[in-house]
Structure formats: structure tokens, C-alpha cells
Amino acid sequence: MGKTVTTLIARTDESFSFIYQEAIDLLGNVRYFNPEAEVPDMRGVDLLYLPGGYPEKHLDALSRAVGTRDAILRYALQCGRVIAECGGMMYLCREIVTDESAFPMCGVLPYGITARQADRRLALGYRQFTLCGKEMRGHEFHYTRFLDPQPPTACQVYDARGRAVPTTVLFDGRVLASYTHLSPTSIQTALTLLFTDHDTP
């Protein structure tokens, strides 16, 4: 991919906490930021990585960090590359709705997520899918889901037994987002997809 990629990773104790060290080792020059309290410096960033976690437990802090949300939206609108997994994908959406309120998120993805008690559904298991001819694997564990209408998926996702599951994969060539936590090998595949047919950094 040309020169080494500079990756900015969201990291907190809970909201964005699930990430493999092996995946970090694949991501080139790595910097970290706390979306709950820190406006990121996006200068020189080739890839934004938003790992999974539990953003639904810290919605007040995430929604109040308007400067952070705006910086991420601007980065995406300027064709920045993004990998967002589970909680990271939720954070990229328009809003997360709870029993108490609707909390604005980054708005990169024009969808809502429900974390209301009545809407809780356990999704758990290994996942596999083929995106743009590339096989990717990972796992899924969450109770939240998209608000209706459900967004269209870029590909069909399957469980470990090859059965179709209703997991949405969002991909536009620059942003790859889904509820699936990608394996380190699939992170490498995702980098190939994100940097293919574009100017390499």
C-alpha cells in the first residue's frame, strides 16, 4: 500500500475496548484518542479505526463531545477511510435510542440504533462473508440493533455452519462498518479493500 499507513484508533475502558493486539500490529503507525473527552487531530490520518465495545453505556459523554463527532464526520466526508466494528459502527450512526432519550452520534451512517430494553435481541456467534470477492471472518456479540427500516447490506453474512444471518455489512469503498468484529486476518483484508483503486497514502 505504498508508505506505512497512519491509523487513528478510538480507545476507552468500555466504549471502544475490544481490539486484538495482532490487529493493532497490522495497522502501521498507530495513534489513539478518547472519543468521550478528546477532539482528535485528523491531520495525516490515513485510516480511522473504531473498534467494538459498549458505547451504549456512555451515551451522555459521547453525545456531549460535539467537537469529536464533528471531526469524525468531516474526516469521512473528505473521503477518509474508516473501519468500524459493532460499537464503533453504532457510534458512526445518526443516533442511538434508549428508553430515556435519543443520543446523537457522528452521523456518518444515516441510520439509527436502538438500545431500548424492549428491542434487545442477542446476536452471538462466528461470522463469515465475502465482500468484493474477499472472504472475511469474525464474530458477533451484541444486544442492540438497527432501527427500522433496516439498511441494505453490501453482502450476505453467514454463521459458522453456513446459515444466513441478518447482519448488515455497510461498505462504500471508503467506510467498512458492521456488527462483526473482524479477525486480524480479515483486518488485513479490509485494508486491501479500502486502499484498492484509490491513491495509496
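A residue is called buried when its relative accessible area is under 20%, exposed when it is over 50%, and partly exposed in between, with a 1.4 Å probe and protein chains only. The model is predicted, so local features need pLDDT of at least 70 and side-chain atom pairs count only at pLDDT 80 or more, while totals for chains, interfaces and linings use all residues. Residues are numbered from 1 along each chain as its sequence is written, and side-chain values use heavy atoms, with hydrogens and water left out.

**Exercise 1. Decide whether Gly28 is buried, exposed or partly exposed, and find its contacts.**

Step 1. Gly28 lies in the loop between helix H1 (21-26) and strand E2 (29-33), where helices (H or I, at least four residues) and strands (E, at least two) are DSSP runs numbered from the N terminus.

Step 2. The relative accessible area of Gly28 is 36%, which means that Gly28 is partly exposed.

Step 3. With neighbours within four places in sequence left aside, Gly28 is in contact (heavy atoms within 4.5 Å) with Thr4 and Val5.

Step 4. Ile72 is 44 residues from Gly28 along the chain, and the C-alpha atoms of the two are separated by 20 Å.

**Exercise 2. Work out where the buried residues of helix H3 sit around its axis, and what they pack against.**

Step 1. Helix H3 covers residues 66-77, which are 12 residues, and from its first C-alpha to its last it reaches 16 Å, close to the 16 Å expected at 1.5 Å a residue; the expected span is 1.5 Å times one less than the number of residues.

Step 2. The buried residues of H3 are Thr68, Arg69, Ala71, Ile72, Tyr75 and Ala76.

Step 3. Because these residues cover an arc of only 160° around the axis, they are on the same side of H3; the arc is that of the directions from the helix axis to the C-beta atoms. An α-helix has 3.6 residues a turn, so residues three or four places apart point the same way.

Step 4. The buried residues of H3 pack against several elements, including strand E3 (47-50), helix H2 (59-64) and strand E6 (102-104). After H3 comes Cys79, whose phi is positive, near 70°.

**Exercise 3. Describe the largest pocket and the residues that line it.**

Step 1. On a 1 Å grid over the protein atoms alone, a cavity is a set of points where a 1.4 Å probe fits but cannot get out, and a pocket is an open set with protein on both sides within 12 Å along at least five of seven lines; lining residues have an atom within 4 Å of a point. A volume is the space filled by probe spheres set on the points, which are joined across faces, edges and corners.

Step 2. The largest pocket has a volume of about 350 Å³, and of the 19 residues that line it, Gly53, Tyr54, Glu56, Phe141 and His142 are the closest to its centre.

Step 3. The largest share of this lining, three residues, comes from E9.

**Exercise 4. Identify the residues that line the largest cavity.**

Step 1. There is one cavity of 30 Å³ or more, and the largest cavity has a volume of about 40 Å³.

Step 2. Its lining is made up of Ala84, Glu85, Phe129, Leu176, Ala177, Ser178, Thr180 and Leu182.

Step 3. Strand E14 (175-178) is one of the elements that supply at least two residues of this lining, and E14 gives the largest share, three residues.
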